[in-house]
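Please read it with the structure open.

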Amino acid sequence: MNSISPIHIELEGTPKEVRRALLTLRNRLADGQKEAVNAGILEIVLGEVLNNVVEHALTGRKDGRIALTCDHSEQCWSVLVRDNGMPMPDHNLPSGIAPEVDLALEDLPEGGFGWSMVRMLARNIQYQRSKGWNSLSFQIVG
Amino acid sequence: MDLSSTVEGDTLVVTVNESRIDASVAIQFKDRMREETETASGRVVLNLSRVDFIDSSGLGAIVAAMKQLGASHRLDLSCLNENVDKVFRLTRMDTVFQIHQTLEDALAS
């Protein structure tokens, strides 16, 4: 299997930019690598992480910047996502407790799934705050 | 958000003619679903055969669409690709919706 060179993508803090970044990632993977390398799980996790940054860390900001790097080696993705938004509440990662779904129709949750999926699919999740930037790193086997 | 619908017997089939239901279109999806299903008389099947990515906001919009249909119109799903199916299973939403492998299965059930 050919190795994949690290993928670096920069984006502004909007949902449309998140879509563009994920499509860019897909195209880069399709160009460089014919074998599936768990790109589906990488895309699911990155989508949740990036949307969370847009909705919370960068909410109301016009100068929001996000930079992500995905590096694949030894059957594992190492991902770093940085943003210049507000820090995580109490400088901690979201608990990611999955919402209850065994409920009556009108009580079903319409949100709160994002970080529970991140917690289920990623490992070695680490968060740091330094000089006005958030850094989130994690790994995905694939 | 490009949705289209056809009537098959007593079932309204709504097809998503786009490859992604994500945070950038979640609100439009919910609004378009309301428009497409206004005249539904019975069950609604959401055909996701052209969708290859869904995020938690898109999932929430599908749940919202089911809730706005109300208890009198069941919302079933058909033709989930591998990644879309994964999101439903991880969130246990596969236990909330009836999910059919093919549109034919959905119409026969």
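In chain A, helix α2(A) lies across the strands β2, β3 and β5 (133-141), and runs at about 10 degrees to β3(A). Helices (H or I, at least four residues) and strands (E, at least two) are DSSP runs, numbered from the N terminus. Axes are lines fitted to C-alpha atoms, for helices over the stretch in contact, and angles run from 0 to 180 degrees between N-to-C directions. The model is predicted: local features need pLDDT of at least 70 and side-chain atom pairs count only at pLDDT 80 or more, while totals for chains, interfaces and linings use all residues. Residues are numbered from 1 along each chain as its sequence is written, and chains are lettered from A and ligands numbered from 1 in the order in which they are written.

**The sheet of chain A**

Five strands of chain A make an open sheet, with the order β1-β2-β3-β5-β4 and antiparallel pairing. Two strands pair if DSSP finds at least two bridges between them. β1 (7-12) and β4 (123-130) of chain A are at the edges with a single partner strand each, so one side of each has no neighbour in the sheet. On average, neighbouring strands of this sheet are turned by 15 degrees against each other, direction ignored. Within the sheet, Leu68(A) stands opposite Val81(A) in β3(A).

**Chain B**

Chain B has four helices and seven strands, and from the N terminus on its elements run β-β-β-α-β-β-α-β-α-β-α. Its radius of gyration, taken over C-alpha atoms, is 12 Å, close to the 13 Å that the globule rule gives for 109 residues, so chain B is as compact as a globular protein of that length. The globule rule is 2.2 Å times the number of residues to the power 0.38. The C-alpha trace of chain B spans about 30 × 25 × 25 Å along its principal axes. Of its 109 residues, 43% count as buried, that is, 20 or more other C-beta atoms, placed from the backbone, lie within 10 Å of the residue's own.

The open sheet of chain B has five strands in the order β1-β2-β4-β6-β7, and its pairing is mixed. Its edge strands, β1 (3-8) and β7 (99-100), each pair on one side only.

| Strands | Sense | Bridges |
|---|---|---|
| β2 (65-73) and β3 (76-83) of chain A | antiparallel | eight bridges |
| β4 (43-47) and β6 of chain B | parallel | four bridges |
| β6 (75-78) and β7 of chain B | parallel | two bridges |

From β6(B) the chain crosses through α3(B) to β7(B), and this β-α-β crossover is right-handed: with the strands pointing away from the viewer, the path from the first strand over the helix to the second runs clockwise. Leu75(B) in β6(B) is the bridge partner of Val44(B). In β7(B), Ile99(B) is the bridge partner of Leu77(B), and His100(B) that of Ser78(B). Leu75(B) and Leu77(B) point one way from β6(B), Asp76(B) and Ser78(B) the other way, and all are buried.

**Between the chains**

In the interface, 24 residues of chain B are in contact with 21 residues of chain A; contact means that the C-beta atoms, placed from the backbone, lie within 7 Å. On the side of chain B that touches chain A, α2 (56-69) and α3 (82-90) are the elements that give two or more residues, and α2(B) gives the most, with seven residues.

From chain A, the buried residues of helix α3 (114-121) are Gly114(A), Ser116(A), Met117(A) and Val118(A). These buried residues pack against α2 (39-57) of chain A together with α2 and α3 of chain B.

Methods. Two residues are in contact if their C-beta atoms, placed from the backbone, lie within 7 Å. A residue is buried if 20 or more other C-beta atoms lie within 10 Å of its own, exposed if 12 or fewer, and partly exposed in between; C-beta atoms are placed from the backbone.
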